[in-house]
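Student: Could we take a close look at one part of this protein together? I would like to understand how its charged side chains pair up.

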Amino acid sequence: MPSIMSLLLHPERRRPGPPPLRVDLRRVFLAGIAAWAVVLVVAVVLLALGRATPEVVVTCAVGVLLGGLGLLWERRNRRAYRGED
């Protein structure tokens, strides 16, 4: 087995990495959006009770928004990240 130093100096001697897994990013983004949405509801309730700050609600809303942008990106780039050219 080659030493770490020789692999760092000569990366071509390394074994090839495994192929990337095909993942449905839509499911990943939807799971993230669902999690942020649940926390958003909890944060709004806590804000109404005076136990949270508006920053918490805004943070959760931005999480949902960024997840939505991720869904848009996934839709536009589905072929590229899945390797379906």
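Student: With which residue does arginine 27 form a salt bridge, and how far apart are the closest N and O atoms?

Tutor: Happy to walk you through this part! Before we start, this is a predicted model, in which local features need pLDDT of at least 70 and side-chain atom pairs count only at pLDDT 80 or more, while totals for chains, interfaces and linings use all residues. Residues are numbered from 1 along each chain as its sequence is written, and side-chain values use heavy atoms, with hydrogens and water left out.

Now to your question: the partner of arginine 27 is aspartate 24, and their closest N and O atoms are 3.8 Å apart. A salt bridge here is a side-chain nitrogen of Lys or Arg within 4 Å of a carboxyl oxygen of Asp or Glu. Side chains of opposite charge can pair when their charged atoms come close.

Aspartate 24 also forms a salt bridge with arginine 26, where the closest N and O atoms are 3.9 Å apart. Asp24, Arg26 and Arg27 are therefore linked in a network of salt bridges.

How open are these residues? Buried means under 20% relative accessible area, exposed means over 50%, and partly exposed lies in between (1.4 Å probe, protein chains only). Arginine 27 counts as exposed because its relative accessible area is 64%. Arginine 26, at 33%, is partly exposed, and aspartate 24 is partly exposed too, with 23% relative accessibility.

Let's set this beside another pair. The whole structure holds 3 salt bridges, and one of them joins glutamate 74 to arginine 78, with the closest N and O atoms 2.9 Å apart. Both residues of this pair lie in helix 3 (residues 54–82), 4 residues apart, which is about one turn of the helix. Helices are DSSP runs (H or I, at least four residues), numbered from the N terminus. Glutamate 74 is buried because its relative accessibility is 1%, whereas arginine 78 is partly exposed at 24%.

So, to recap your part: aspartate 24 is bridged to arginine 26, and arginine 27 is bridged to aspartate 24 as well.

Definitions and conventions. Helices (H or I, at least four residues) and strands (E, at least two) are DSSP runs, numbered from the N terminus.
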